Amino acid sequence: MTERYVEREYRRRFRGDRWVHFTVKCRETDLCIGIDRASWREEMAVWAGRFVEELRAEMDAWIAGHPEYAGALLPQEATEDAPEIFHEMAAAARRSGIGPMSAVAGTVARRTGEALKECFGVREVMVENGGDIYADLQEDADIAVFAGASPLSERVGLRIRAEESPVGICTSSGTVGPSLSFGKADAVMVVCRDAALADTYATAFANEIQSADDIPACLERMKQKEDILAAIAIKEDKIGISGIFELILFEKA
């Protein structure tokens with residue numbers, strides 16, 4: 001059974017001097033949103049809450065009538081009349097080869113971040129949704145990997161260069177959290193231009209890791225995906241890394 005880490009302690013790493021952060025919760029969706037201090041307006045929190053509620057209502061109404069989509073473990077197309085978000089998730093899943101709901105957290109994070117930027121013209125926005133991040137940056141940001149009981153958890157991460165953003169930075173695990181995984185990785189973090197792709201790839205490649213011995217071959221397969229800008233795979237005290245971003249070491253908080 002995977003651990004649930006309900007308190008989401010990793011959110012404490014939001015830098016108070018750079019970001020104003022707030023949470024938005026709607027059923028299973030639990031977002032932590034950071035806005036740069038120069039752009040922050042108090043009405044953003046209420047606006048974001050309403051946006052997520054409307055998005056979830058639209059999604060829940062459609063998915064209730066299409067359980068085959070929600071339960072698919074392989075790519076599944078959305079019906080023609082489905083909300084656009086389900087077509088986006090289906091397109092991402094075609095690239096990873098697994099079910100479209102593997103992209104849901106990253107897609108919701110991206111949509112929320114993009115909507116905040118469009119409505120308020122914010123300089124920087126970061127939306128974290130259960131460990132899956134959408135980041136639109138003007139300055140570099142160091143993102144730690146949360147890997148549960150691994151001694152490397154929150155000790156390693158990536159420096160995301162602002163000129164490469166917006167990006168999705170998504171993490172999947174077979175030992176942390178309630179999400180379905182067929183692997184036993186403590187964490188697989190994937191960075192892509194699109195958060196939907198990062199989310200579904202993270203799940204797909206985390207499925208492949210049963211032991212630390214699987215990390216090298218898994219990373220080689222990730223290197224073959226042009227969509228993947230960078231990746232980290234962690235199992236117990238072993239780590240593999242590839243891609244365009246610098247590996248960063250953190251002090252344990």
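Two strands count as paired if DSSP finds at least two bridges between them. Strands (E, at least two residues) and helices (H or I, at least four residues) are DSSP runs, numbered from the N terminus. By these criteria, eight strands form an open sheet in the order β1-β2-β3-β4-β7-β8-β9-β10, with antiparallel pairing. The model is predicted, so local features need pLDDT of at least 70 and side-chain atom pairs count only at pLDDT 80 or more, while totals for chains, interfaces and linings use all residues. Residues are numbered from 1 along each chain as its sequence is written, and side-chain values use heavy atoms, leaving out hydrogens and water.

**The sheet**

- The edges of the sheet are β1 (19-26) and β10 (238-243), each of which pairs on one side only.
- From one strand to the next, the twist averages 10°.
- Strands β4 (residues 132-136) and β7 (residues 167-172) run antiparallel and are joined by three bridges.
- I133 has I169 in β7 standing opposite.

**Helices on the sheet**

- Helix α1 (residues 43-64) lies across β1 and β2 (29-36), and runs at about 30° to β1. Such angles run from 0 to 180 degrees between N-to-C directions, with axes fitted as lines to C-alpha atoms, for helices over the stretch in contact.
- Helix α5 (residues 195-206) packs on the sheet, where it touches β4, β7, β8 (187-192) and β9 (228-235). Contact here means heavy atoms within 4.5 Å.
- The direction of α5 makes about 25° with that of β7.

**Aromatic pairs**

- A pair of aromatic rings is described by the distance of the centres and the angle of the planes.
- Rings of Phe, Tyr and Trp (its six-membered ring) pair if their centres lie within 6.5 Å; planes under 30 degrees apart count as stacked, over 60 as edge-to-face and the rest as tilted.
- The structure holds seven aromatic pairs.
- F22 and W40 form a tilted pair, because their ring centres are 5.5 Å apart and their planes stand at 45°.
- Since F22 belongs to strand β1 and W40 to the loop between β2 and α1, this pair ties together parts that are 18 residues apart in sequence.
- Y69 and F86 form an edge-to-face pair, because their centres are 5.3 Å apart and their planes are at 85°.
- Y69 lies in helix α2 (residues 67-70) and F86 in helix α3 (residues 84-96), so parts 17 residues apart in sequence are tied together.
- W47, F51 and F120 are linked into a cluster by ring pairs.

**Burial of the paired residues**

- Buried means under 20% relative accessible area, exposed over 50%, and partly exposed in between (1.4 Å probe, protein chains only).
- F22 counts as buried at 10% relative accessibility, whereas W40 is partly exposed at 25%.
- Both Y69 and F86 are buried.
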